[in-house]
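User: I would like to learn how to read salt bridges in a model. Please start with a case.

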Amino acid sequence: MSELWPHLPAVVGGAMYAQVKAGIDLAPQSSHPDQIWAPVGGRVSPRRIRELADVLSSLGARYGFPGSAAPEARVAFDRDAAAIVRDHMDLSWAEAGNRDLWSFTSLVVLPHLTRWRFGTENRERWVATDLTRHTWARLWWQAVVFAGHEEVLAALTESDLNQLLERRSIGGDPRLVLEIARAVTGLSGSAPRRAVIRDVTLRLMRYLAFVDVRALTDQQIRNLCSGLMAETLRRLPHDGLPHQRRDNVSAM
């Protein structure tokens, strides 16, 4: 049964982020005097909230927290943290789509790790305006989408995930994300991965204008994505430039 987590109203979150930007260190807490709750459902206990902070802090220490860490170490932390966030935050999809819940997580429960992971300059990492960019919301959704296929998630770069999850027509359907991700991580040879994933996701978005993939079986979606990937690889030169653009460059 899913739990309800506290919500931090946007105006409160904005004020707390202003404190963060001003250099004030916020201590991890399990509650906030201005928090609110969804009206119906079982509320998470303060002990469970503290457990999340403790487990993620211990994980962060393996990757350099609270000191500096290389970008690769921080990305590796994300990959391991995703399943922890999902498992400790037993949320319905409706609750997970609430921005104020994630602002509570970053500003009240995990401000120390949010600062360590992304610093203080990027507001959307703290105040949840875009869940695909928020420090912790994005990890919960990644873990949900790739549940049972963690090896695929581990093989994806941050750029790959941005292409898949920030395109809402694709990122809103876990089956599409998984099948495109499988095709991308299975690439071999000299195919330029960044150019490939951009091209195949654009092809898929055009296709989605005419087909409701909710009516397709898993196998039909797998065939669709593998077919689009094959078309991309046929049409995209190995230098990553579309044919027409490459011709133009050659003529300059």
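**Reading the salt bridges**

Analyst: Arg138 and Glu158 form a salt bridge, with their closest N and O atoms 3.1 Å apart. Arg138 lies in helix α7 (residues 137–145) and Glu158 in helix α9, so the pair ties together parts 20 residues apart in sequence. Helices (H or I, at least four residues) are DSSP runs, numbered from the N terminus. The model is predicted: local features need pLDDT of at least 70, side-chain atom pairs count only at pLDDT 80 or more, and totals for chains, interfaces and linings use all residues. Residues are numbered from 1 along each chain as its sequence is written, and side-chain values use heavy atoms, leaving out hydrogens and water.

User: What is a salt bridge?

Analyst: Side chains of opposite charge can pair when their charged atoms come close. The cut-off is a side-chain nitrogen of Lys or Arg within 4 Å of a carboxyl oxygen of Asp or Glu. The structure holds 24 salt bridges.

User: Which residues are linked with Glu158 in a network of salt bridges?

Analyst: The network links Glu158 with Asp78, Arg79, Arg117 and Arg138. Within this group, Glu158 meets Arg79 in a salt bridge (3.0 Å, N to O). Arg79 sits in helix α3 (residues 71–88) and Glu158 in helix α9 (residues 158–165), so this pair joins parts 79 residues apart in sequence.

User: Is Arg138 buried or exposed?

Analyst: Buried means under 20% relative accessible area, exposed over 50%, and partly exposed in between (1.4 Å probe, protein chains only). Arg138 is buried at 4%, as is Arg79 at 13%. Glu158 is partly exposed, at 22%.

Key
Helix = DSSP H or I, 4+ residues; strand = E, 2+ residues; numbered from the N terminus.
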